[in-house]
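Dear colleague,

Please find below the structure that I am handing over to you.

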Amino acid sequence: MDGADFGGIGQPGGFRERDKADNHRAGDMTPDDRESGFAAGRNLAGNEGGTGPAGAAADGLGGFGRPPAVLAQRSASGVPDSGSADFAGRWRHAFKLDPDRPVTDEALRKIAASGTDGIIVGGSSGVTQANTAELLARIRRAGPVAVALEVSSLEAVVPGFDGYFIPLVLNSRNRDFIIGHHLEAIRRFGPFMPWDRMAVLAYIILNPDSTAARVAEADMPGDANDVLAMADLADKLLKLPYVYLEYSGTYGDMDLVRRVKNRLVRSRLAYGGGIAGPEQAEAAARHADLTVVGNALYHDLDRALATVRAVSR
Ligand code: 1GP
């Protein structure tokens with residue numbers, strides 16, 4: 001089995017005719033699913049390989065365009081071994097763009113050319129298949145940069161992304177955000193899931209006032225030990241590829257970021273929240289493996305762009 005078997009959701013380097021035919025057999029996909037997906041997929045042509053400073057462009061294996069050799073290794077069941085690597089395994093910096101927020105083509109061109117390792121498309125509200133597919137197509141036109149979808153709604157799954165981040169909210173009260181939506185996605189899209197281009201983000205939501213906290217019904221941890229226990233759960237018990245400290249909208253506690261990083265032996269640590277410029281990005285990247293910048297793109301683009309270099313200092 002090779003990547004073509006997963007042609008239904010985003011074939012790297014562009015769709016091939018056979019993949020299109022396969023997709024049209026996707027009984028659970030609506031005509032809109034197919035149309036938006038194919039439209040986005042066609043724009044993949046020319047996006048070969050990661051482009052970021054720490055990304056795969058350096059060795060040509062960045063996980064985008066062509067899967068790294070390690071991803072070709074599969075278990076006896078045919079499912080790729082998880083945790084050994086993933087499409088974003090070398091990312092140090094990512095921008096997060098919300099399909100529900102306006103952004104100009106000029107801004108997209110600057111973001112694509114910024115040197116970031118990748119763009120994550122995702123948001124906590126107002127995300128639809130239409131606005132997700134449209135943003136993907138616009139990013140593809142803006143320049144060659146890796147683009148991943150953070151799947152936050154089953155109604156907004158779009159083929160054509162280079163990779164898929166799957167949130168699993170460790171401090172959610174709602175089973176749907178832990179395994180419920182995931183099971184439903186597998187039931188609906190299972191035969192078309194690009195397993196080797198998917199990575200679970202074990203979210204720990206830490207800003208109680210964020211939309212993410214409200215939507216995912218997050219319980220705030222009582223103290224740092226609660227957070228460290230969740231990090232251990234993701235890292236040592238579940239062996240997930242990422243722990244994501246999500247402070248969305250507010251700058252977090254860097255000492256806690258440091259402590260979580262020191263606890264992890266396997267999972268990469270992602271940090272996101274309230275990074276307004278290079279100083280905060282540099283501080284976060286001192287501990288986090290992957291630093292994510294979202295809101296700043298919409299408030300002060302130049303300062304947001306300056307975070308790319310800051311994380312590699
Ligand atoms: C949001 O963690 C990201 O999911 C980034 O947060 O928007 O606050 O930068 P900001």
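Accessible areas here come from the Shrake-Rupley method with a 1.4 Å probe. On that basis, the protein chain exposes about 13,300 Å², of which carbon and sulfur atoms supply 51%. Please note that this is a predicted model.

Regarding the overall fold, the protein chain contains 12 helices and 8 strands. Of its 313 residues, 56% are buried. Among contacts with a separation of 6 or more, 69% are made by residues 24 or more positions apart.

The largest nonpolar core comprises 62 residues, and the members that touch the most others are Ile139, Leu245, Val260 and Tyr271. Another core, of 23 residues, lies apart from it and includes Ala148, Tyr242, Ala270 and Val292.

One residue was examined individually. Histidine 93 belongs to strand S1, which spans residues 93-97. Histidine 93 counts as buried because its relative accessibility is 1%, and buried means under 20%. The side chain of histidine 93 forms a polar contact of 2.9 Å with the side chain of threonine 307. Beyond its neighbours within four places in sequence, histidine 93 is in contact with Thr116, Asp117 and Gly118, with Leu290, Thr291 and Val293, and with Thr307, Val308 and Val311.

Yours sincerely

Key:
Residues numbered from 1 in each chain as written. Predicted model: local features only at pLDDT ≥ 70, side-chain atom pairs only at ≥ 80, totals over all residues. Heavy atoms only, no water. Core = buried A, V, L, I, M, F, W, Y, C linked by side-chain atoms within 4.5 Å. Buried < 20%, exposed > 50% of the residue type's maximum accessible area, 1.4 Å probe, protein only. Helix = DSSP H or I, 4+ residues; strand = E, 2+ residues; numbered from the N terminus. Contact = heavy atoms within 4.5 Å. Polar contact = N/O pair within 3.5 Å; in protein donor to acceptor, adjacent residues only side chain to side chain.
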